[in-house]
Amino acid sequence: TRGCAGDADVTAQTAQSIGRDTGGVLSLISGSTGVTLSVPTDFSASDLHFQIKHLDKQPALDALGTPSSYRTVGNYVYDLRALSDVQTLVSVFDAPLTISMNYSSSDISGIDESSLRIFRNDGAGWVLLPDCSVNRSARSVTCTTTHFSTFNIFGTEAQSSPEPEPAPQ
């Protein structure tokens, strides 16, 4: 599937139809990492077909860049889409959808775990999603969004502790 950021290859994908009267959940999980999308009722005027595509990280980020002062976490670049029919893309929703991304401990080496956030690329740059929370025990970041595009987890570098002063002699 072409048309993804940087013409990146899709490494994994899933799709599901979700009704506006029922809402639903769609996940693309590999092992303990991946993304889960929770769609509430009345998210749109009609039922939609949702897609999650896991993109090859490097070509996508080469094309999109990264937010200033943030580092990318793991290999979690996802293209989220919704379609009302084969050709009609829906990228704005009437109610916020919840997106959760799981990461591994090795993904955050050198990164302040409390700084992890999900960003969405709107075509002009990265936009921080609102209402984000980090669950350290579940190793997940959860935010809300009313728009679809390309998503990624970013965090800031961990601050190193200063060396203790030697005791006076």
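User: Happy to dig into this one with you. What makes β3 and β8 a pair?

Analyst: In this predicted model, β3 and β8 are joined antiparallel over 5 bridges. Two strands count as paired from at least two bridges, so the label applies.

User: Which other strand pairs with β3, and how are the two connected?

Analyst: That would be β2, which runs antiparallel to β3 with 7 bridges. Serine 27 has threonine 36 of β3 as its bridge partner. The two strands make a hairpin with 2 residues between them, and glycine 31 in the turn has a positive phi of about 70°.

User: How many residues of β3 are buried?

Analyst: Of its 7 residues, 6 are buried, and β3 is described as mostly covered. β4 (residues 48-55) is mostly covered too, with 6 of its 8 residues buried. β4 also has a partner: 6 bridges join it to β6 (residues 78-83) in the antiparallel sense, and phenylalanine 50 has alanine 82 as its bridge partner there.

User: Why is threonine 145 called buried?

Analyst: Its relative accessible area is 3%, and buried means under 20%, so threonine 145 qualifies. This residue sits in strand β12 (residues 140-147). Leaving aside neighbours within four places in sequence, its contacts are Ala95, Pro96, Leu97, Arg120, Leu129 and Phe151.

User: What makes the approach of threonine 145 to histidine 147 a polar contact?

Analyst: The side chain of threonine 145 comes to 2.8 Å from the backbone oxygen of histidine 147. The cut-off is 3.5 Å, so the distance falls within it.

User: Which residues have the most contacts inside the largest nonpolar core?

Analyst: They are Phe50, Phe93, Ile99, Ile118, Phe148 and Ile153, in a core of 31 residues. At least two residues each come from β2, β3, β4, β6, β8, β12 and β13, with β8 giving the largest share, 4 residues. Another core, of 7 residues, lies apart from it and includes Leu55, Leu61, Phe119 and Phe154.

User: What does phenylalanine 93 touch?

Analyst: Not counting residues up to four places away in sequence, phenylalanine 93 touches Phe43, Leu48, Phe50, Ala82, Thr146, His147 and Phe148.

User: Where is the confidence lowest, and where is it highest?

Analyst: Strand β1 (residues 10-18) has the lowest, at a mean of 82, and strand β11 (residues 133-135) the highest, at 97. The protein as a whole averages a pLDDT of 88, and 88% of the residues score at least 70.

Note on methods:
Residues are numbered from 1 along each chain as its sequence is written. This is a predicted model: local features need pLDDT of at least 70, side-chain atom pairs count only at pLDDT 80 or more; totals for chains, interfaces and linings use all residues. Side-chain values use heavy atoms; hydrogens and water are left out. Buried means under 20% relative accessible area, exposed over 50%, partly exposed in between (1.4 Å probe, protein chains only). A polar contact is a pair of N or O atoms within 3.5 Å; within protein, one must be able to donate a hydrogen and the other to accept it, and residues adjacent in sequence count only if both atoms are side-chain atoms. Contact means heavy atoms within 4.5 Å. A nonpolar core is a set of buried Ala, Val, Leu, Ile, Met, Phe, Trp, Tyr and Cys residues joined through side-chain atoms within 4.5 Å. pLDDT is the predictor's confidence in each residue, from 0 to 100.
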